[in-house]
2 protein chains.
Amino acid sequence: MKKQRGQLIILSGPSGAGKGTVCQAATAHNPNLKISISATTRAPRGAERDGVEYFFLDKADFEKKIEENAFLEYAKVHDHYYGTPKAHVLQMLDEGTDVILEIDVQGAAQIKEKLGFGVLIFIAPPSIEVLKKRLVNRKTDSDAQIQLRMKNALTELKQAEHYDYVIVNDTVDQAAADLEAIIRAERCRTQNNLEIIEEMLM
Amino acid sequence: MKKQRGQLIILSGPSGAGKGTVCQAATAHNPNLKISISATTRAPRGAERDGVEYFFLDKADFEKKIEENAFLEYAKVHDHYYGTPKAHVLQMLDEGTDVILEIDVQGAAQIKEKLGFGVLIFIAPPSIEVLKKRLVNRKTDSDAQIQLRMKNALTELKQAEHYDYVIVNDTVDQAAADLEAIIRAERCRTQNNLEIIEEMLM
């Protein structure tokens, strides 16, 4: 049997919903599932390595790639560019690897439209109270920052209805199992198996 | 969190594709997944018990239920009726149980249309050669019967494109895991989680 193209998983959700932890748990179980590596113009921090945490580019290279349409999406944050390299993602998919893109709600639908494929998954907290508790417990944000994140979370939650799936992250294990089940199920989607049916009908 | 309604799994596939074995493996892993019990007018055989293998009805009762629209589908085979009792299925779904209906390709789309919901899954063999080998190895059919089943299989395979998912039953364990993943993923479908999102936005 020919190896199927990998599934492109486009993942969004409010800060504190647990996207990162869920992705880490799912990729730890599943060697065929990888998180896409972003490109950035900011300098490496600490032990960050080129091609592992990020692809580090200088500004001129990044802007050249923008012109070449080499990013699935990009954004400028605090004077630094961040982007998703298209060739990197498409190559992994061609090799049959399932790829996760963590993208904000603005970028997610655009990527699916641009590529014509992709599975949109929204990671939601089980409740607003739990979300706030998680942000407070991280102890990384000021009260004002937490208030801003809570306001943004409501805006983002309104976009959940445009996603294919909603994973409610009550416990990380359950949410990671949901993510893995969705990827496995998407591989079984009829459009991904028509070739094998047609071979039988020849 | 309110318990979600169960998923209705409408399963078809050619004789010899392994529907029965896959369902047994999946229900053995998953206590929340049940196979729907059919009603029939044929007499119990051996140790068959009413309400376990079948609901046994006499002909007059069965025909009364047909008039009352109490079956999701029914058929007359060799002078005996067989049908899927609607109330039995809907009650299990309401209780949050996932229910499998094994239905031929003619009935499957009709049930989804009648109910307005349901997940259509087609179980396919990995190849025509494997299908034939399985039918021969069962040693229950004559050569003529096997030839007829192979002819019917091709007709059924042409309908696979109308299903939501195709599970290629290469090994029973893999196919049962696919079935369980599809059920888990369907629970994450956005339309099944809008309520929890709306609660957060109130």
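Buried area is the accessible area (1.4 Å probe) that two parts lose on being put together, summed over both. By that definition, domain 1 and domain 2 of chain A bury about 1,000 Å² between them. Carbon and sulfur atoms give 71% of this area.

This is a predicted model: local features need pLDDT of at least 70, side-chain atom pairs count only at pLDDT 80 or more, and totals for chains, interfaces and linings use all residues. Residues are numbered from 1 along each chain as its sequence is written, and side-chain values use heavy atoms, without hydrogens and water.

**Domains**
- Domain 1 of chain A covers 1-32 + 97-202, and domain 2 covers 37-95; the bounds come from an automatic or database domain assignment.
- Their centres, taken over C-alpha atoms, lie 21 Å apart.
- Contact (heavy atoms within 4.5 Å) takes 13 residues from domain 1 of chain A and 11 residues from domain 2 of chain A.

**The domain 1 side**
- A:Thr97, A:Val99 and A:Lys114 lose the most area to domain 2 of chain A, together 40% of what the domain 1 side buries.

**Polar links across the interface**
- Four residue pairs are in polar contact, both residues at pLDDT 80 or more.
- A polar contact is a pair of N or O atoms within 3.5 Å; within protein, one must be able to donate a hydrogen and the other to accept it, and residues adjacent in sequence count only if both atoms are side-chain atoms.

Technical notes: Chains are lettered from A and ligands numbered from 1 in the order in which they are written.
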